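Here is a short briefing on one protein chain. Look at the sequence and the model first, then read the points below.

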Amino acid sequence: MHERDVERLFAEYHQPLVRYLTRRLGDRDWAEEVAQETFVRALRQDRIVSERSWLFAVATNLVRDEARKDARRRRRLELLREQAKAEAVVEPEPTSLERAQEAAFARRALAALTERDRDALLMREEGLDYSEIATALSLSIGSVGTTLARARRRLMESYEALQRERQSAGGDGGTHAAS
């Protein structure tokens, strides 16, 4: 591709791609690196037919490759996130603590999904249509709706299970009776 074409792609798709990758990876700097590599690879292509699908597919594959090669880095990032969460909980306002817990539950529920379900949900959240998701994840268009429905159901089940755990463990004033 010509540099002008890649600049146009960058202007059009950089933000949604980084948003998707940040949600996928939990780390904005890492997401920026993967997005940058995705656009470098676009430069090497003669022609890209379905631009958004191609970009999201390449980014998703880069994430998978990176994860396989660099599991230690992910563990380190997770430890840093846990440390940051622990430090943030020192003296928060109750409302910010509740918001932080809800966000943490949502991230944990998302992480509990299979990789394909998680990717499909995050791509849909970024506005990709069924055809683009199908292309990016190597699915048939007909199975995208089923994949998304299953992913949403599992996400809600996981989230609700985490909520129940918190209520029974934390005694949030729920209806859980002591035996």
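I133 is in contact (heavy atoms within 4.5 Å) with A120, M123, R124, L128, V144 and L148, leaving aside neighbours within four places in sequence. This is a predicted model, in which local features need pLDDT of at least 70, side-chain atom pairs count only at pLDDT 80 or more, and totals for chains, interfaces and linings use all residues. Residues are numbered from 1 along each chain as its sequence is written, and side-chain values use heavy atoms, with hydrogens and water left out.

**Core**
- I133, L9, L21, V34 and M123 have the most contacts inside the largest nonpolar core, which has 38 residues.
- A nonpolar core is a set of buried Ala, Val, Leu, Ile, Met, Phe, Trp, Tyr and Cys residues joined through side-chain atoms within 4.5 Å; buried means under 20% relative accessible area (1.4 Å probe, protein chains only).
- Helix 1 gives this core its largest share, eight residues.

**Whole chain**
- The chain has eight helices and zero strands; helices (H or I, at least four residues) and strands (E, at least two) are DSSP runs, numbered from the N terminus.
- Of its 179 residues, 36% count as buried.

**Helix 2 and helix 3**
- Helix 2 (residues 28-43) packs with helix 3 (residues 51-69) at an angle of about 125°, and their axes are 9 Å apart.
- Axes are lines fitted to C-alpha atoms, for helices over the stretch in contact, and angles run from 0 to 180 degrees between N-to-C directions.

Conventions
Buried means under 20% relative accessible area, exposed over 50%, partly exposed in between (1.4 Å probe, protein chains only).
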